Amino acid sequence: MRNLTGLSALLLAAAFTFVPAEAQSANEVVLGYAMAKSGPFTSTGLSSEVAVDLAVREINAAGGVDGKQIRLVKFDTAGKPEQAVVAIRRFAKDEGALAVIGPFLSSECRVAFPVGEREGIPMISSASSAPGLTQGHSFAFRNTMDEATKIEKLIKVKREKGLLGKNAAIAYASDDFVSKSAGAEAFPEALKRTGIAVDGSVNFPFAAFDLSPQVSQLMSKPTDMIALAAPPESAAKFVREMRRQGSKARVIGGSIFATPEFPGRVGDAGTGALVTVTFFSGRDDARTRRFVDNFLALAKERKLPEVLPPSQFDSASYDVVYVYVEAMRRAKVTGDPSKLVQERRAIRDALAGLKDFPGLEGSLTMGPDRDMLKPVYVLEARDGAWKFFEVTR
């Protein structure tokens, strides 16, 4: 057999990752779900799928969207931008989806958002945080904030608590799209705007085995803080190497390595690290406790490889479903295939006007750049876990 190349190979891959849909019923509305549940983001993708399915289950049990049940059509992109493009086109052209949950990653959104704009289908990402991804796209939204915004809020909290140092250095993974965007652009700009001198910057491949040269370079001119942007495993490796070489700088970060397992993975070396998230599973209120309990029950039922409390990516994915339901109700959607173009536009307009929606994560308002405005929690790594530090907006 000849080797498949180009579009043929891409379509074949899509066939293996796509979850087939049933014939559309008159009593349903269809949402597409572009998820990254295989490849390097398997654990996060599986976890977020639990949150999305939980939200759909709750909404349908309560009567759906004005009596119409939500049918979820899933596509596993494996975190690959080219697969995210296939997913958006499939949802828009073949599945009659009114809107899309996802894509998940910044690298996916960078190429998929323009495609969704051309197809005229609303998309809400629950995780992509590279700056500027929604600009120029009226159908693209994010239930998140960019890394620059988050780091500015963290620095604001440190200043209010009298913990702000005089200078900082930056370290980032150069071959991870969102980490590079944060380290090369967002962090320098945010630190500059808040009056913090940047006295050094290093980068490294996120799969690098030895990070001692980069840490040694920063140690030649010690700073009070190190702003770190890297996936969890490489971030943990960098922090451990910092402490091995005697660095006492406080590590700060946005949300890239703010996963539930990070403090345990990095151990005592991570003590004092500060990150920003938009959801804290330890928050003591009835809705949070109910969500956490139901999430853990469903994750155990599905025998996930690692069952952990829900992260901000899970809560954001859960809220995306409820935000879409609110938008569909405001838009008075019917799910009629002959009205797809008009109803997709009506959903888009309802999303743009969303204000003070009572989400799981708090009061949600869509900002002018189509990034969600919501509370931000600052967490500190202590005793192998994230602990509440402060909340701000």
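Colleague: Which residues line the second largest cavity?
Modeller: In this predicted model, the lining of the second largest cavity consists of S126, A127, N143, T144, K150, T278, Q312, F313 and A316.

Colleague: And what is the volume of that cavity?
Modeller: The second largest cavity has a volume of about 40 Å³.

Colleague: Which helix gives the most to its lining?
Modeller: That is helix α11, residues 312–331, with three residues.

Colleague: How do the lining residues divide by class?
Modeller: For the second largest cavity, five are polar, three are nonpolar and one is charged.

Colleague: How many cavities of 30 Å³ or more are there in the whole structure?
Modeller: The search finds two.

Colleague: How many of the residues lining the largest cavity are charged?
Modeller: None; the lining divides into eight nonpolar and six polar residues.

Colleague: Turning to pockets, what is the volume of the largest one?
Modeller: The largest pocket has a volume of about 1100 Å³. Its lining comprises 45 residues, of which P40, F41, T44, P232 and T259 are the closest to the centre.

Colleague: Which helices supply at least two residues there?
Modeller: These are α2, α4 (106–119), α6 (177–193), α8 (232–244), α10 (286–301) and α11. Helix α2 gives the most, with five residues.

Colleague: And the classes of residue in the pocket lining?
Modeller: The lining of the largest pocket has 23 nonpolar, 13 polar and nine charged residues.

Colleague: Now the helix pair: at what angle do α7 and α8 pack?
Modeller: Helix α7, residues 212–219, packs against α8 at an angle of about 55 degrees, and their axes are 9 Å apart. The two helices are therefore oblique to each other.

Colleague: Is the crossing left-handed or right-handed?
Modeller: Helix α7 passes α8 in a right-handed crossing.

Colleague: Which residues meet there?
Modeller: From α7 they are S212, Q214, V215 and L218, and from α8 they are F238, E241, M242 and R244. By class, this contact has four nonpolar, two polar and two charged residues.

Methods. Residues numbered from 1 in each chain as written. Predicted model: local features only at pLDDT ≥ 70, side-chain atom pairs only at ≥ 80, totals over all residues. Heavy atoms only, no water. 1 Å grid on protein atoms, 1.4 Å probe; cavity = no way out; pocket = protein on both sides within 12 Å on 5 of 7 lines; lining within 4 Å. Points joined across faces, edges and corners; volume = space filled by probe spheres on them. Nonpolar A, V, L, I, M, F, W, Y, C, P; charged D, E, K, R; others polar. Helix = DSSP H or I, 4+ residues; strand = E, 2+ residues; numbered from the N terminus. Axes fitted to C-alpha atoms, helices over the stretch in contact; angles between N-to-C directions. Parallel < 35°, antiparallel > 145°, perpendicular 65-115°, else oblique. Left-handed = near helix turned anticlockwise from the far one by under 90°. Contact = heavy atoms within 4.5 Å.
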